Amino acid sequence: MRKGTFFCIDAHTCGNPVRLITSGIPPLKGKTMSEKRQDFMQHHDWIRQALMFEPRGHSIMSGAMVYPPCTEAADAAILFVETSGCLPMCGHGTIGTVTAALEYGIIQPKTPGQLILDVPAGQIRVEYQQVDNDVNKIQSVRIFNVPAYLAHTEIPITCPELGELVVDIAYGGNYYAIIDPQPNYSGLASLAVDKLLYYSPLIRQQLNETVECMHPLDSTVKGVSHVLWTGKPTQPKATARNAVFYGDRAIDRSPCGTGTSARMAQWAAKGKLTAGDSFIHESIIGSLFEGRVEAITEVGNYTAILPSIQGWAKVYGHNTIWVDTDDPYCLGFEVK
Ligand code: PYC
């Protein structure tokens, strides 16, 4: 029996996949995207599993669905899906979604050049640049993200093989464990990707057993989901380099939008960045996001920053995917 048919626009943002699912998506209950995210996770999660995991996706697959706006000011709303679940916010996902949705007329901006978007983490604004004023070709997208803040500093953990490490935890739309160079970790260049995939879930588990992270304004946004390893840049323009682990087997190929926001919040809290400063983040494959601290603000009792991140995306194909219940792998699988 046919469980669903989905038309997808496949794209990547600075190397990381974005599968924009444009048909077959379910109506969602709730007034806000945070409520709709809960409804999707409770009642429709099979769509995410079928379209993100193998054999239709892979461990790094990530995607989004565009919904009508939840507020009067907004142009549209986005639900993010990936192998790890439904993220409150995804930077590379937003850049890819906005690029594909504008190029294919899925979102019509109220004001040319900018969009206001409802996402589960709150409301964001984006500005986009077109190639030669051609609305069918988007050159770059800058996201004015939700407030980001440093939640915890110098939490001791034990990492297999490396030993004792201290990590900071910052929020940039998701909670990030940030691992900076220190006596038992000399930086990203010292670790093979296999080691990042081995250490990161163990570090994440330890942190979630010992430290509480809950967003002061939305209790459904909680827990460390991503682990961000830092190191020296290799690109002349970059301020710093990072590799972000998420899900069970994924390393972000893009410089990670919410990770860059979290890292700028960490640097701002330590006096290394202030309003107006830019921060160019390099990914594991050398692609770049241009971050900026737009302003200083507050979230609950935390001093926070308003971060912006700019990057580009490319659409590379269309994909009509159907899911049949007589396929034993209709809900996908992951080889761990
Ligand atoms: O760009 O925010 C991001 C992101 C999160 C996970 C992968 N990319």
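Strands here are DSSP runs of E with at least two residues, helices are runs of H or I with at least four, and both are numbered from the N terminus; two strands pair if DSSP finds at least two bridges between them. Please keep in mind that this is a predicted model, in which local features need pLDDT of at least 70 and side-chain atom pairs count only at pLDDT 80 or more, while totals for chains, interfaces and linings use all residues. Residues are numbered from 1 along each chain as its sequence is written, and side-chain values use heavy atoms, with hydrogens and water left out.

Let us stay with β8 and look at another partner. Strand β9 (residues 163-171) pairs with β8 in the antiparallel sense over eight bridges, and within this pairing Pro156 stands opposite Val166 in β9. The two strands form a hairpin with three residues between them. In the turn, Glu161 has a positive phi of about 70°.

The side chain of Asp168 meets that of Lys270 in a salt bridge, at 2.5 Å from N to O. This pair links distant parts of the chain, since Asp168 sits in strand β9 and Lys270 in the loop between α5 (257-269) and β16 (278-282), 102 residues apart. A salt bridge here is a side-chain nitrogen of Lys or Arg within 4 Å of a carboxyl oxygen of Asp or Glu, and by this rule the count comes to 13. In general, side chains of opposite charge can pair when their charged atoms come close.

How do the partners sit relative to the surface? Buried means under 20% relative accessible area, exposed over 50%, and partly exposed in between, using a 1.4 Å probe and protein chains only. Asp168 counts as buried at 5%, whereas Lys270 is partly exposed at 40%.

Asp248 lies in the loop between β14 (240-246) and β15 (250-251), and Lys336 in the segment after β19 (313-324), 88 residues away. Asp248 is partly exposed at 34% relative accessibility, while Lys336 is exposed at 71%. Arg204 joins these two residues in a network of salt bridges.

Now turn to Asp10 and Arg19, which form a salt bridge with their closest N and O atoms 2.9 Å apart. Asp10 is buried, with a relative accessible area of 6%, and Arg19 is buried as well, at 3%.

Cys14 lies in the loop between β1 (2-13) and β2 (16-21). Its phi is near 50°, a positive value in a residue other than glycine, and Cys14 is buried at 1% relative accessibility. Cys256, in the loop between β15 and α5, has a positive phi of about 75° although it is not a glycine. Cys256 is buried, with a relative accessible area of 5%. Finally, a cis peptide bond joins Glu54 and Pro55, with omega about 5°; Pro55 is found in the loop between α2 (45-52) and β3 (62-67).
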